[in-house]
Amino acid sequence: MSKVAILAEKPSQAKAYAEAFSVKTRQKTHIELNACNTFPSGAVITWGIGHLVELKEPKEYRKEWASWNLSSLPILPTNYEYKVSSDKKVQFAFIKQLFNDPNISTILNCCDCDREGSNIFYSIYYMTGAKNKTIKRLWINSLEADEVRKGFNNLQDNQKDLLLYYEAKTRQISDWLVGMNGSRLYTLLLQQKGFGESLSIGRVQSPTVYLIYQRQKEIENFIPKAFYEIEGSFTAQNGIYKGKAKIKSEKKEVVEQLLQHHGIEKVNDGFVKSIIKREKRTKSPKLHALSTLQAVANKRWKYSPANVLKLVQGLYEKKLVTYPRTDTQFITENEFAYLADNVEAYQKVAGTTFPIASKKTNKRYVDNSKVKEHYAIVPTKSIPTERKLQGLSIEERNLYFEILNTMLGMFHSDYIYEETKVTTDVNSLDFITTGNTEISKGWKELFQESNKEISNKQKESLQAIPVLTEHEKVSAVVKMIEGMTTPPKPYTEGQLIGMMKTCGKSIGNEEEMEILKEIEGLGTEATRSGIIETIKRHGYIEVKKNIVDVTKKGEILCQSIEGNLLSSPSMTAKWEAYLKKIGNGEGSPQVFISTVAKFINKLILEAPGQLKIDDLESNIAETQKNSEIAICPSCKKGSIVPRKTYYACTENTNGCKVSFPGKMLGKKLAEKHIKDLCTKGKTSVIKGMKSKAGKSFNAALKFEEDKIKFEFENR
């Protein structure tokens, strides 16, 4: 019998697979397993590293696509080709040799259990040129040894896996086309208007920035409006309480007329018309999907969504929690069974004991029909030791206990409180007062309350309703109060995930809104945090004290794409709906890519006419003025301004060729260095530059005859 080849997505994943079996040898490129019941002739585990295989650059298709100019657009290759990343050739060479080994008849796709995992596997597989191999798919939600062994003994065929690959590959090519064409188009058009920086355009990132920009504009353009209410302060036998009449109007006279109609003065007699008490119950929160965990962690500890994904991925690889890139908040009966069996052990880990309310399944948490590829994030069967928990970082511990306590909430009792609603009659005008009294904390005892939550509770307790009886007479001080409407709040970084998921609300078209609801907005559960990091990296947004602001560069992007599909989730709605069809075997990648090509051609025709906006022109002028470092030492007309990776003269479109690198011999050149070169002709000594031979040296830079030269320290 022949050996089996196993491809993991990354080394840590390969290590977890190997730990479930007996290891024969470990090498830099692979791990060899001994023969066993699962692999009667043994197996070889190898892995990808980052983007082992990637789409080629435009210049690798045609020479004219190497330079950025409008005449070379659109960039639409006939066939889309892949290449091996230059720094990962050794790893790929081993995989190629392994996959083409005649003794290997079966290859297992053991990359992450999602469409991108399918894309990574097949991109590598087809690049190796391997043929006539049986391909099977490992699909598991936990890296625990018994779950790994169970998964390898119940491998899936690759029929669904191939469809996911076609969907992911089509998405990848489409995003590449929009990015390559859109980024060049808008960068070049805005350069004609004097904007010096390059713009990155993306199918998902551009409408995401635009939605944040829309919120910022709503806040900036918000005009506060006054509104009027009627408030009563009532003195009863056992204390004072407040209530409000059921009116809220922007017209002062409407409120005044109501007071006159009931003949209400400043001080009045009233009585307690009714007291209604109801016991209310709140069930524990649903289990966590990735997005809900990101939202809670950002609200509670200000962790960024990208950091939450990284941390919870680490907990998954440490075999403490299940697969994190999930979009469901439900588990199946199988997961519930092991959680219920171990609930007392989980209580010990959480440092709590409470009577188990029920070990029966509840549709709020357990629903086989709601689980597709992955289930909610829950603790694995592995009960961590105190030593293992102490080995976690504070951030990892916080997330682990959030996941653990949310799961334990399923077995705890409800939070119970009594809601009291008092109606007070003053001259036949009803005033409503409500208050809550906690009866049982229930599942809430699992979660430590934040200072803000404690503060809110204290405020509520100050407004506690005194003991009242029906028909009791009270003294009422009634007044009209004025309030002001408030603008919408800016997004926090954690709220961006929810905003991306629910952006269908901003779409007018009902059909597109329904599609966006179905596919849950912009991006996927696994990609949203990466998109947020991308728009931060491109300088479109900045996050200060967890509040998100659109930068000047972001405003210029949004003003440029305003009015076309790049600014709207509509395009994503249409694209995602068809991509889903490809994943279900009902759509054609070729049809989709040809539609994208038509969109790009339309964009190239229409974009120049859409950029004639006064606000855009003034924003560009302001940005350029603020970014000017010094007058160009060569042409004396233009100014030296920062570009993405270098510094250049604003007169470069008129022939000035002066530019300065952003990095030189391993050292970053700051704006101060460039200013000194332009104004003094020389910088101070820069320490730690490295020669081609790798030797470190110190030197000042000089600018002579439009060239940078060195002045060595020891001379």
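Analyst: The answers below set computed values against the definitions of the terms.

The model is predicted, so local features need pLDDT of at least 70 and side-chain atom pairs count only at pLDDT 80 or more, while totals for chains, interfaces and linings use all residues. Residues are numbered from 1 along each chain as its sequence is written, and side-chain values use heavy atoms, with hydrogens and water left out.

User: How many helices and strands does the protein have, and what makes a run a helix or a strand?

Analyst: The protein has 22 helices and 26 strands. Both are DSSP runs numbered from the N terminus: helices are H or I with at least four residues, strands are E with at least two.

User: Why is Q559 called buried?

Analyst: Buried means under 20% relative accessible area (exposed is over 50%, partly exposed in between; 1.4 Å probe, protein chains only). Q559 has a relative accessible area of 5%, so Q559 is buried. Q559 belongs to helix 18 (residues 552-561). Leaving aside neighbours within four places in sequence, Q559 is in contact (heavy atoms within 4.5 Å) with Y213, I613, D615, L616 and N619.

User: What makes D367 a buried residue, and where does D367 lie?

Analyst: The relative accessible area of D367 is 7%, so D367 is buried. D367 lies in the loop between helix 11 (343-350) and helix 12 (386-390). Not counting residues up to four places away in sequence, D367 touches F330 and I331. The C-alpha atoms of D367 and T332 are 5.7 Å apart, although 35 residues separate the two along the chain.

User: How do you know that the length of helix 3 agrees with its number of residues?

Analyst: The expected span is 1.5 Å times one less than the number of residues. Helix 3 (residues 115-128) has 14 residues and should span 20 Å; its end C-alpha atoms are 20 Å apart, so the two agree. Among the buried residues of helix 3 are F121, Y122 and I124. G129, which follows helix 3, has a positive phi, near 75°.

User: Why is helix 8 called roughly antiparallel to helix 15?

Analyst: Helix 8 (residues 290-301) and helix 15 (residues 493-501) pack at an angle of about 150°, with axes 7 Å apart. Angles over 145 degrees count as roughly antiparallel, under 35 as roughly parallel, 65 to 115 as roughly perpendicular and the rest as oblique. Helix 8 is therefore roughly antiparallel to helix 15. S291, Q294, A295 and N298 in helix 8 meet E493, G494, I497 and K501 in helix 15.

Conventions: Axes fitted to C-alpha atoms, helices over the stretch in contact; angles between N-to-C directions.
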